[in-house]
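Biologist: I would like to learn how to read a model of this kind. Could we take the features one at a time?

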Amino acid sequence: MKPLISIIMGSTSDLPVMEKACQWLESYKIPFEVNALSAHRTPDAVESFAKGAKARGIKVIIAGAGMAAALPGVIAASTPLPVIGVPIKGMLDGLDAMLSIIQMPPGIPVATVGVNAAKNAAILAAEMIALGDETVAGKVDDWKAGLGDKIKKANKDLAELKDYKYKCN
């Protein structure tokens, strides 16, 4: 299947964070691709990728970067596609990356999720695609419906605890 989402990271050292996006998309069988591209070390490749992504059928780009975190903004400057930035925890607990990603100039929007929140980026990308794709919309609906099940189970588990002094009836 042709990928709908492209996951880009500045280097493979970002893979442990970005893998969470891959795992979520894979579990819902939403086609994606993964590449390492550096805004600073391979700027021509980043620009070429960004300019060609739409023609290749990509609908949303997720870009993870740490420290200066230029990658999401550089990609957004060269594509009409939505870009979701994932700030990766680095020297200042990810605050440096987050500030770099959220402070884009007018006309270069980059959606941003929390520090190391690649899974949320995958979910947001799927929600964007779901606006025009009923198959993906059904998968997002299924996932959302399952969120409440975790809380129901947690409350059931709490109710079954004996001797829990804060037990509610």
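Biologist: How many nonpolar, polar and charged residues does the lining of the largest pocket have?

Modeller: The model is predicted. Sorted by class, the lining of the largest pocket holds eight nonpolar, eight polar and three charged residues. The space in this pocket comes to about 300 Å³. There are 19 lining residues, and those closest to the pocket centre are Asp-14, Arg-41, Ala-65, Gly-66 and Met-67.

Biologist: Which strand gives the most to the lining of the largest pocket?

Modeller: Strand 3, residues 60-66, does, with three residues.

Biologist: In what order do the elements of the chain run from the N terminus?

Modeller: The order is β-α-β-α-β-α-β-α-β-α-α. In total the chain has six helices and five strands. As for extent, the C-alpha trace spans about 65 × 40 × 30 Å along its principal axes.

Biologist: Now the helix pairs. At what angle do helix 1 and helix 5 pack?

Modeller: The general idea is to read the angle between the N-to-C directions of the two axes. Helix 1 (residues 15-27) packs on helix 5 (residues 118-130) at about 40°, with the axes 7 Å apart. The two helices are therefore oblique to each other. The crossing of helix 1 and helix 5 is right-handed.

Biologist: Which residues in helix 1 and helix 5 meet?

Modeller: From helix 1 they are Val-17, Met-18, Lys-20, Ala-21, Trp-24 and Leu-25, and from helix 5 they are Ala-118, Lys-119, Ala-122, Ile-123 and Ala-126. By class, this contact of helix 1 with helix 5 divides into nine nonpolar, no polar and two charged residues.

Biologist: At what angle do the axes of helix 5 and helix 6 cross?

Modeller: The axes of helix 5 and helix 6 (residues 134-160) cross at roughly 135° and come within 8 Å. Angles over 145 degrees count as roughly antiparallel. The angle of this pair makes helix 5 oblique to helix 6. Their crossing is left-handed.

Biologist: Which residues make the contact of helix 5 with helix 6?

Modeller: Helix 5 contributes Ile-123, Ala-126, Glu-127, Ile-129 and Ala-130, while helix 6 contributes Val-136, Ala-137, Val-140, Trp-143 and Lys-144. The classes here are eight nonpolar, no polar and two charged residues.

Note on methods:
Residues numbered from 1 in each chain as written. Predicted model: local features only at pLDDT ≥ 70, side-chain atom pairs only at ≥ 80, totals over all residues. Heavy atoms only, no water. Axes fitted to C-alpha atoms, helices over the stretch in contact; angles between N-to-C directions. Helix = DSSP H or I, 4+ residues; strand = E, 2+ residues; numbered from the N terminus. Parallel < 35°, antiparallel > 145°, perpendicular 65-115°, else oblique. Left-handed = near helix turned anticlockwise from the far one by under 90°. Contact = heavy atoms within 4.5 Å. Nonpolar A, V, L, I, M, F, W, Y, C, P; charged D, E, K, R; others polar. 1 Å grid on protein atoms, 1.4 Å probe; cavity = no way out; pocket = protein on both sides within 12 Å on 5 of 7 lines; lining within 4 Å. Points joined across faces, edges and corners; volume = space filled by probe spheres on them.
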